[in-house]
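User: I'm new to this one and would like to learn how to read it. Could you walk me through it step by step?

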Amino acid sequence: MNLASSTSDIGSNPRERCGNGHGCASSTTRWYVGFGLAGVLASVGVAVGIMLPGGDPSLAPRMAERALHLDDGTKLYVQKYEMTVAEWNRCFHAGACEKEAKPRPGWDAETTPATEISFEDAQQYVTWLTGAASHPFRLPSLEEWETMAREVLPEKPDPIFSDPSLTWASAYLVENLPARALEPTGSFPETSAGIADLSGSVWEWTQDCYEARAADKCSAYHVGGEHVAVISVFVRDPARGGCAVGAPPAHLGLRLVTERALL
């Protein structure tokens, strides 16, 4: 095996790599997106417990103060806040992310969540950070996301229309609601593990495919937020009709996880 090569042939099919036909819904299956040596090591399951060579660990995001204990007894280390504009643009300026994130006028890039992020954008960022920070980061599974948000989310699902044909009505009803307005990081409650803003206005990408329509393609992924929705991989602004299933999220961003504590 050429460890310097891409990982496109290793775990590229969401259904094959999870073995359940519905994407990575199991918290016991953990796959990382990486490139070169980092991606190959991660994809064959030896990333946990090693320090990848090279890179700058200071690029790693701030993690929650305490590890999240999953239902199967394993630990997961979770980014405290959603990815910010300043963090995202390090990838853009390195030439690894196509999209430049821009804060609203007068807002601080260090505390503004990076939004209008598609799944493809998120994959670019995870690939870059895994190598640049010498640490195997990834998106959470939907099960992991729901576990970390359990304390702060309402018990009942969002009551607004779930029929995809009525997404226009959902968008009309939720437009400009204060709870869905973008807020600086730290504006919403923290969990007991110290994970903030899970109940906020930014929906976060997970690695779980909704339904793969081809052997090596997934067209839509689950996003976690006030309610779970399904978004097409190329959509950045869900208000423009990009919600595949469920009421449209307000904003799309990301939060990363890792099984290994940062040094």
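User: Which residue stands opposite T258 in β8?

Analyst: Y77 stands opposite T258 there. Before we go on, this is a predicted model, where local features need pLDDT of at least 70, side-chain atom pairs count only at pLDDT 80 or more, and totals for chains, interfaces and linings use all residues. Residues are numbered from 1 along each chain as its sequence is written, and side-chain values use heavy atoms, with hydrogens and water left out.

User: What order do the strands of the open sheet have?

Analyst: Strands are DSSP runs (E, at least two residues), and helices are too (H or I, at least four), numbered from the N terminus. Two strands pair if DSSP finds at least two bridges between them. Here the order is β1-β2-β8, with antiparallel pairing. β1 (68-69) and β8 (257-258) sit at the edges with a single partner strand each, so one side of each has no neighbour in the sheet. Strand β2 (residues 75-78) is joined to β8 by 2 bridges.

User: At what angle do α3 and α4 pack?

Analyst: For this, axes are lines fitted to C-alpha atoms, for helices over the stretch in contact, and angles run from 0 to 180 degrees between N-to-C directions. Helix α3 (residues 85-93) and helix α4 (residues 119-132) pack at about 80°, their axes 10 Å apart. That makes α3 roughly perpendicular to α4 (angles of 65 to 115 degrees count as such).

User: Which residues of α3 meet α4?

Analyst: Contact means heavy atoms within 4.5 Å. On the α3 side you'll find E87, W88, R90 and C91, and they meet D121, A122, Q124, Y125 and W128 in α4.

User: And which residues of α3 are buried?

Analyst: Buried means under 20% relative accessible area (1.4 Å probe, protein chains only). In α3 that covers V85, A86, E87, W88, N89 and C91, and α4 is included in what covers them. Just after α3, G95 takes a positive phi of about 80°.

User: How many disulfides does the structure hold?

Analyst: A disulfide is a covalent bond between the sulfur atoms of two cysteines. For the count, the two sulfur atoms must lie within 2.5 Å. The structure holds 2. One joins C91 to C97, S to S 1.9 Å, and both C91 and C97 are buried. The link is right-handed, with 85° about the S-S bond.

User: What about C209 and C218: how far apart are their sulfur atoms?

Analyst: They are 2.0 Å apart, and this link is right-handed, with 105° about the S-S bond. C209 counts as buried because its relative accessibility is 1%, and C218 is buried with a relative accessible area of 11%.

How values were computed:
Parallel < 35°, antiparallel > 145°, perpendicular 65-115°, else oblique. Buried < 20%, exposed > 50% of the residue type's maximum accessible area, 1.4 Å probe, protein only.
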